[in-house]
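Subject: Structure handover

Hello,

Here is the structure you were going to take over, with the sequence alongside. My notes on it follow below.

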Amino acid sequence: MSTTQLLANRIRQNALKMVHRAKASHIGSALSITDILAVLYGEVMHFNPTDQHDKLRDRFILSKGHACVAVYSTLAEVGFIPKEQLDTYGEDFSWLMNHISHKVNGVEFSTGSLGHGLPFGVGKALAARTRGETWRTFVLLSDGEMDEGTNWEALMFAAHHKLTNLTAIIDYNKLQSIDSIANTLALEPFVDKLKAFGCEVHEIDGHSHELIADALTIISDEKPTVIVAHTIKGKGVSFMEKRIEWHYKNPNDEQLAIALAELELSHA
Amino acid sequence: MRSAFINELVAAAEINENIVLVVGDLGFGVIEPFAKRFPKRFFNAGVAEQNMMGLAAGLASEGFHVFVYSIANFPTFRCAEQIRNDVDYHNLPVTVVAVGGGMAYGNLGYSHHAVQDYALIRTMPNMLIAAPGDPMEVIACMRYLISNPQPSYLRIGKAGEPCIHAEIPEVSPGKWLTIREGYKGGVSYLTTGATLDLVHQLLNQRPDLKSYSLNSMPLWSMKTKAVQSQQVEKFEGVITVEDHLMDGGFGSWLLESITIRPELLARIKIKSLNAKVCGMVAKQSTMNMQGGLTVEFLCA
């Protein structure tokens, strides 16, 4: 198992324990993006856990703020926050609130209302461009979030201004909050739409670390990059995969034990 | 007011490389001096206010002081959540600039009437409202905001407003500016925004009101409520005047500010626009009169 796969496995285990302890929602959404986070933080991004404001760092924005346990867990694994802090998730007054919070060391931006991360990321990419700095901005969005017009506004702006230092990753797990994407507001032909908006688009398996790393590393000469990552909501825990109820449910003691055992097994 | 704004912005940008101007496809005939002088720090976000405000917050998070310029409701209500979540919550130096405050664009219809903007902005804990009453106050507010970058809302009129102040006044948040001292301890008008000119004219026309004082307050916010009661207590009566609805407006804000001193509450009178103007269409002066900002009403 590669380093990033080991990292992804630990992120998943932490995330499961956090939502179990806090009786919190959105574990399916967190498991869906874990491999992307493991590759970003384990291989692609430049960052400095001892200085969250390091000027040369790459910026990461989680626009689907409800999947925050995956990011908190990642930040603990790479050294931004102590691992013990994960135990406070969801407690009263914990910094680790249930939508991602900029008050946590290593988090650039609070979200929770969908459609805010990409415009903010466009601003960051524009700032780097204006100052002639070489760091990159990565924004991770959900597929349901693409219902928000702000994302399309932001893509138009990014393409018009040739923000090649901006990479949006869309977690295309095909499930929204109460039904599938297809039954809610169909995104297809999704890749064609994104291309028509002027983006460089890579369509990949969002759980293949090799493909994720490749897609994250390529930078177009003249277009912002969008990675359409085909993913499985609840990935890694058999009884959560592709099941909409795990957008809300949290595992009971027995389910947690089974989930962790499955992950241990895949780890071995 | 618009030219005072852009002149100050250009002057400040000459010495401060962090000043950026973002517009929402508006500002023809106003913003060109900045756009031509600093093309790398000028962005037209197009007709997409939510993205405009979000990207302004992103720029501000990297140390830029971003001025976001548009008309009336477009940089406020159209992107209210971006101001709330992205700008105010993250405490970022974005100055939302709305031209056409109040009924300045009265003929353009309800879409262009900014008569609820204070209500929206003043409920955000970090936002500082800057509502200058004349070009001198515009300059003073701009200099304050540029020296103290923070989440803020600058509400200006259009063009051609007269100067009431002889000099650029010293402004600070929550502080009243004395325009005219009447009878000590008597009644004072207190304006914010464009109604300064309206009341100033009224006092000039009416010798019987010579005992009345006139104060303006261009900078105010949730954070500056605490210092209002000691300014109110100097007068036996304070008449607030605003080109905004009473609900959520400036007078309401002052009343809330002095609830810690209930004995002062009866000293406040609020003169604001009657909600019947919502949906009416006419030029600014007509709209203000229709809304109740008439000589008779202001003296009552």
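This is a predicted model: local features need pLDDT of at least 70, side-chain atom pairs count only at pLDDT 80 or more; totals for chains, interfaces and linings use all residues.

Chain A has an open sheet of 5 strands in the order 1-2-3-5-4, with parallel pairing. Strand 1 (59-62) and strand 4 (200-205) of chain A are the edge strands, each pairing on one side only. From one strand to the next the twist averages 20°. At one end of the order, strand 1 of chain A pairs with strand 2 (residues 137-142) of chain A in the parallel sense, over 4 bridges. Within that pair, I61(A) has V139(A) in strand 2 of chain A as its bridge partner. Helix 4 of chain A lies across strands 1, 2 and 3 of chain A and runs at about 170° to strand 2 of chain A.

Chain A: backbone points to look at

Two loops deserve a look. The loop between strand 3 (166-172) and helix 6 of chain A holds K174(A). K174(A) is not a glycine, yet its phi is positive, about 70°. In the loop between helix 6 (181-184) and helix 7 (190-196) of chain A sits P189(A). The peptide bond that leads from E188(A) into P189(A) is cis, its omega near 0°.

Chain B: the sheet

The sheet described here for chain B is also open: 5 strands in the order 7-9-8-11-12, with mixed pairing. Its edge strands, which pair on one side only, are strand 7 (177-180) and strand 12 (268-273) of chain B. On average, neighbouring strands of this sheet are turned by 25° against each other, direction ignored. Strand 8 (residues 187-191) and strand 11 (residues 237-245) of chain B pair in the parallel sense over 5 bridges. V187(B) stands opposite G237(B), a residue of strand 11 of chain B. Helix 9 (residues 250-257) of chain B lies across strand 8, strand 11 and strand 12 of chain B, at about 135° to strand 11 of chain B.

The interface between the chains

How much area do chain A and chain B bury between them? The figure is about 2,000 Å², and 59% of it is on carbon and sulfur atoms. H116(A), R131(A) and E153(A) supply 26% of the area that chain A buries against chain B, more than any other three residues. In terms of contacts, 25 residues of chain A meet 25 residues of chain B.

The polar side of the interface comes to 12 residue pairs in polar contact between chain A and chain B, counting pairs with both residues at pLDDT 80 or more. There are 2 salt bridges between the two chains. One of them joins the side chains of R59(A) and E62(B), at 2.8 Å from N to O.

Which helices of chain A each supply at least two residues of the side that touches chain B? They are helix 4 (117-131) and helix 5 (149-160) of chain A. Helix 4 of chain A gives the largest share of that side, with 9 residues. The helix that faces chain B in this way is also the one that lies across strand 1, strand 2 and strand 3 of chain A.

Regards

Definitions and conventions. Residues are numbered from 1 along each chain as its sequence is written. Chains are lettered from A and ligands numbered from 1 in the order in which they are written. Side-chain values use heavy atoms; hydrogens and water are left out. Two strands pair if DSSP finds at least two bridges between them. Axes are lines fitted to C-alpha atoms, for helices over the stretch in contact, and angles run from 0 to 180 degrees between N-to-C directions. Contact means heavy atoms within 4.5 Å. Buried area is the accessible area (1.4 Å probe) that two parts lose on being put together, summed over both. A salt bridge is a side-chain nitrogen of Lys or Arg within 4 Å of a carboxyl oxygen of Asp or Glu. A polar contact is a pair of N or O atoms within 3.5 Å; within protein, one must be able to donate a hydrogen and the other to accept it, and residues adjacent in sequence count only if both atoms are side-chain atoms.
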